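Biologist: Could you walk me through this model, and tell me what stands behind each label you use?

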Amino acid sequence: MKKIFSVVLPCFLSIALLSWLFVTIDYKHMWLAIKDSDVRYMSAAGTIFFLINFLILWRWRILMKAVGLKARGLSSMRWYFIGLFCNLAPISTVGSDVIKGLGLANETGHKPKIFASIVLDRLSGFAGIVILAAVAFLFGHGIIENKLVIMAIATMSAVSLAVVIVLFSHRIFSWACTAFEAWPRVKDALMRLHFDIVLLKGKQKKGWETIMISILAQVVLAIEFYLAARGMHQNIPLVYFIIFSPIVCVVSSLPSIGGLGFREIGWVYLLPLVGVSKEMAGGLSLVNSAFTIIAGLLGGLFYVSTLSSGRIQYPQADGGLQGPAS
C-alpha cells in the first residue's frame, strides 16, 4: 500500500493541479501563445536549459572530490541524466536522487560517500536558491509588494539555516539520531553519512564554490525563462524571473511527475503579480516543462543504452543494494 500510495499521490497531484489550471484559464489562448512563439528565442531557451544540467553536474563532481570520492566523469554524467529520467516517473526528486546514488554506488562501492555528496549537492543548490532569492528581493522589493513572496523567501532561508546547523553539528545530529535507536542499522548509516558530510568542514572553499555555481545556475535558469517569454512576445524584465524562479524551483520539488502541476501553479500565481496574464504564465511554464521532459528523455536514452550494452553491473549478494529494474 505504501508503494502504491507513493506512486498514486504524485500522479493525482499533478493531474489535479493541471486540471484546475485548465479550468480556471483560457487554455485555447494559452495554446495560441505557445503556437505563435518565435522559434529562435525558444531554441535559445531550450539550449540554455540543457546546459544548466552540466553546471549542476559540475557542482556534484566538485562535492564528490571534496568528500574523497573518486568516480569516473562519464559514470557520473550517465547516472545524473538517468536521475533526470526518473524525475519523469511519479516519484519525488528525492527518489531520483536515491536511484542515481544507488547506481553510482554500484560502480564505485562507496555508498556513504555517494549519498553524502548528493546531500551536500542538494544543500548547496538550496543555499544558492535562497541567497539569490533574498538578494534579488532586496533589490526588487519596491516593485513586488506581496506578503506571500516575502514569507516564502523567509521560510526558505530559515529552513536552509536549520538544515546546515543540524547536518554540521555533531551534537545536534547525534541527538536527532536517537530517534532511530530501535533501528541500529539505520542509525549507523545516518551517522556515517554525517561523518562524510563533516569532511567538508575543512574545505569551506569547495563549499562556497558549489554555492556560487548554484547561484549561477539559477541566474541562467532565469535567463532561460526570460528568453522563452521573449519567444512568446512578452517583454518581462529579467529581475522578475530572478526573484520568482527560486521559489518555483522549491515548489516544483514537491511530489509530482517531474514538478508538473506545481510548477505551472507557481508561475500562474506569481507572474500575474507583475502584470502578466495567467494564460501567458501558464504557457511559459508548460514550455519549461517540455524542456524538462526532453532532458529527462535524454536520460532515458542513457538508461536504455546502458542496459543494452551490459554496462550496468548488478550488486553482489553482500552488497545490500538493489539493481535498477529492467
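Modeller: Gladly! Leaving aside neighbours within four places in sequence, Leu-284 is in contact with Phe-225, Ala-228, Ala-229, Met-232, Phe-241 and Leu-271, where contact means heavy atoms within 4.5 Å. This is a predicted model, in which local features need pLDDT of at least 70 and side-chain atom pairs count only at pLDDT 80 or more, while totals for chains, interfaces and linings use all residues. Residues are numbered from 1 along each chain as its sequence is written, and side-chain values use heavy atoms, with hydrogens and water left out.

Biologist: Which residues have the most contacts inside the largest nonpolar core?

Modeller: They are Met-232, Phe-241, Phe-244, Leu-271 and Leu-284, in a core of 76 residues. Helix α6 (residues 111-140) gives the most to this core, with 12 residues. A nonpolar core is a set of buried Ala, Val, Leu, Ile, Met, Phe, Trp, Tyr and Cys residues joined through side-chain atoms within 4.5 Å. Helices are DSSP runs of H or I with at least four residues, numbered from the N terminus.

Biologist: Why does Trp-20 count as partly exposed?

Modeller: Buried means under 20% relative accessible area and exposed over 50%, with partly exposed in between (1.4 Å probe, protein chains only). Trp-20 has 47% relative accessibility, so it counts as partly exposed.

Biologist: What makes Asp-38 and Arg-40 a salt bridge?

Modeller: A salt bridge needs a side-chain nitrogen of Lys or Arg within 4 Å of a carboxyl oxygen of Asp or Glu. For Asp-38 and Arg-40 the closest N and O atoms are 3.0 Å apart, so the pair qualifies. Asp-38 is called buried because its relative accessible area is 16%, whereas Arg-40, at 66%, counts as exposed.

Biologist: How many salt bridges does a search of the whole structure find?

Modeller: Two. Arg-59 also forms one with Asp-121, with the closest N and O atoms 2.6 Å apart. Arg-59 lies in helix α3 (residues 39-66) and Asp-121 in helix α6, so this pair ties together parts that are 62 residues apart in sequence.

Biologist: Why are Arg-59 and Asp-121 called buried?

Modeller: Arg-59 has a relative accessible area of 9%, so it is buried. Asp-121 counts as buried because its relative accessibility is 6%.

Definitions and conventions:
Helices (H or I, at least four residues) and strands (E, at least two) are DSSP runs, numbered from the N terminus.
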